[in-house]
Amino acid sequence: MAAERSQRFEAVLTALRGILIAAAALVAFVYPAQAVQLLVLVGGGLLLVDGVLGLATVDYAAPKNAGHWFTLARNLLSIAAGVLVIGSGVLITVFTPALLAWLVGLLALLVGLIEMASSMLGSERQTRLWPTFVGGAIYAAFGLALIFVPLTSAGTLMRVAMLLMLAYAAAQLYHAWRIHADG
């Protein structure tokens, strides 16, 4: 009974992550000019919330294997990237916008790589492999876009980010459905 409740809770939190990310992507589609300005705050908030919700889904009673540590590292890096982005108003006095974008891109890339690696580990590999791997690849692609697309191409970056956010949201919703269906 407790395991079923825990699985249901994980499915709800995973679905919430997907819904929040899809909502942010749709807002970016409807208001593209304002979205470029808000991308910093919304993106930082999403990274922060994604990391916090990810930490909430970790089974701390489970054995401490490599997958467990990868999951913790992934969520902590996501939180760090979110804090960096949200604090960019203060950090902009110390760092250039290009350096901040590069740092957040690097953290997002690391989050994606860790998520892809963790999808290959763990006991639930068969049911979680593709949604987790795809979600990690999307995070990594977003990180690479932040690193390599110049900030002067903010409109292009906005479109790329919106598509990646929608793809990541779809992967999260599929993952939530799989968790719910397997329970």
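User: What share of the residues in the protein is buried?

Analyst: Of the 183 residues in the protein, 40% are buried. The model is a predicted one, and a residue counts as buried when its relative accessible area is under 20%.

User: Why is G112 called buried?

Analyst: The relative accessible area of G112 is 0%. The cut-off for buried is under 20%, so G112, at 0%, is classed as buried. G112 lies in helix 5, and beyond its neighbours within four places in sequence it is in contact with G136, Y139 and A140.

User: Why is A137 called partly exposed?

Analyst: A137 has a relative accessible area of 32%. Buried requires under 20% and exposed requires over 50%; 32% falls in between, and A137 is therefore partly exposed. This residue is part of helix 6 (residues 125-148).

User: How far is A137 from G112 in sequence and in space?

Analyst: A137 and G112 are 25 residues apart in sequence, while their C-alpha atoms are 5.7 Å apart. A137 and E115 are 22 residues apart along the chain, with 8.2 Å between their C-alpha atoms.

User: What makes A23 partly exposed?

Analyst: The relative accessibility of A23 is 40%. A23 sits in helix 1 (residues 2-30), and its C-alpha atom is 9.0 Å from that of A169, 146 residues away in sequence.

User: Which secondary structure elements does the protein contain?

Analyst: The protein has seven helices and zero strands, which gives the pattern α-α-α-α-α-α-α along the sequence.

User: Why is helix 3 described as roughly antiparallel to helix 5?

Analyst: Helix 3 (residues 66-86) and helix 5 (residues 97-119) pack at an angle of about 160°, and their axes are 9 Å apart. Angles over 145 degrees count as roughly antiparallel, so the angle of about 160° makes helix 3 roughly antiparallel to helix 5. The crossing of these two helices is left-handed.

User: Which residues meet where helix 3 contacts helix 5, and how do they divide by type?

Analyst: On the helix 3 side the residues include F70, L77 and L84, and on the helix 5 side they include L103, L107 and I114. The residues of this contact comprise 15 nonpolar, three polar and two charged.

User: What is the mean confidence of the model, and which elements have the lowest and highest values?

Analyst: The mean pLDDT of the protein is 79, and 83% of the residues score at least 70. Where pLDDT is low, the predicted coordinates should not be read in detail.

Notes: Residues numbered from 1 in each chain as written. Predicted model: local features only at pLDDT ≥ 70, side-chain atom pairs only at ≥ 80, totals over all residues. Heavy atoms only, no water. Axes fitted to C-alpha atoms, helices over the stretch in contact; angles between N-to-C directions. Helix = DSSP H or I, 4+ residues; strand = E, 2+ residues; numbered from the N terminus. Parallel < 35°, antiparallel > 145°, perpendicular 65-115°, else oblique. Left-handed = near helix turned anticlockwise from the far one by under 90°. Contact = heavy atoms within 4.5 Å. Nonpolar A, V, L, I, M, F, W, Y, C, P; charged D, E, K, R; others polar. pLDDT = per-residue confidence, 0-100. Buried < 20%, exposed > 50% of the residue type's maximum accessible area, 1.4 Å probe, protein only.
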